Amino acid sequence: MENNNDIRITDESKAYLKETAAWASFLSIVQFVATGMVFLGGLAVTFTGAAIKYALDMPFNPALIGIVYIIAGALIFFPAYFQMKFASEIKRAILTGDTVTATGAFEYLKSTYKFNGIATIVSIGLVVIVVPIVTISAAIAAM
C-alpha cells in the first residue's frame, strides 16, 4: 500500500500565505528602517564618544555604547532579510505554482524563526548572567 503524504495547498491556504507575505514584507521594511536608524545612531555615538566623554567627564568612553548599537543594528538586519526573502519567494511561488520556489520560501521562514529563537535563548542567558552580577555589584557599592 502506497502512503501518499504530499501536502496540497488549497486556494484558502494560498490566500493565507499571500496575506502572510504582505505582513512579512511590511514588518521587514519596518525592521530595515529600524536597522538604519540604530546603525546611524551607533555611528553618531561612536564618532562623538570621545567629545562626550571629556565634556561630561564620564568614567567610560560612550563610543562603546555606539559599538553596541552598531552590533544591534546588524542583528536586526538578519530577521528582516529572511522575512523579506520569504515574502517575495512565497508570492512568486503562489503566482507560478512552483514547488521549488515555495520550498525555498519556507526555508527563509524557518531561518527567520531559527534566528529569533537563538536570539531569544541568548537574551535569556544574558539576563540570567547580568541581573545577578548587577544586583551583587549594586549591593557591594551600597556598603
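Visitor: What should I know before reading the values?

Guide: The model is predicted, so local features need pLDDT of at least 70 and side-chain atom pairs count only at pLDDT 80 or more, while totals for chains, interfaces and linings use all residues. Residues are numbered from 1 along each chain as its sequence is written, and side-chain values use heavy atoms, leaving out hydrogens and water.

Visitor: At what angle do H2 and H3 cross?

Guide: Axes are lines fitted to C-alpha atoms, for helices over the stretch in contact, with angles from 0 to 180 degrees between N-to-C directions. Here H2 (residues 63-96) and H3 (residues 99-142) cross at roughly 160°, their axes coming within 8 Å. Angles over 145 degrees count as roughly antiparallel, and H2 and H3 are therefore roughly antiparallel to each other.

Visitor: Which residues of H2 and H3 meet?

Guide: Contact means heavy atoms within 4.5 Å. Among those meeting are Phe 78, Phe 82 and Ala 93 in H2, and Ala 102, Ala 105 and Phe 106 in H3. Apart from neighbours within four places in sequence, Ala 93 touches Asp 98, Thr 101 and Ala 102.

Visitor: How are H1 and H2 arranged?

Guide: H1 and H2 pack at about 160°, with axes 7 Å apart. That makes H1 roughly antiparallel to H2.

Visitor: Which residues make up the largest nonpolar core?

Guide: A nonpolar core joins buried (under 20% relative accessible area, 1.4 Å probe, protein chains only) Ala, Val, Leu, Ile, Met, Phe, Trp, Tyr and Cys residues through side-chain atoms within 4.5 Å. The largest one has nine residues, including Leu 17, Phe 86, Ile 90 and Ala 93. H2 gives the largest share, four residues.

How values were computed. Helices (H or I, at least four residues) and strands (E, at least two) are DSSP runs, numbered from the N terminus. Angles under 35 degrees count as roughly parallel, over 145 as roughly antiparallel, 65 to 115 as roughly perpendicular and the rest as oblique. Buried means under 20% relative accessible area, exposed over 50%, partly exposed in between (1.4 Å probe, protein chains only).
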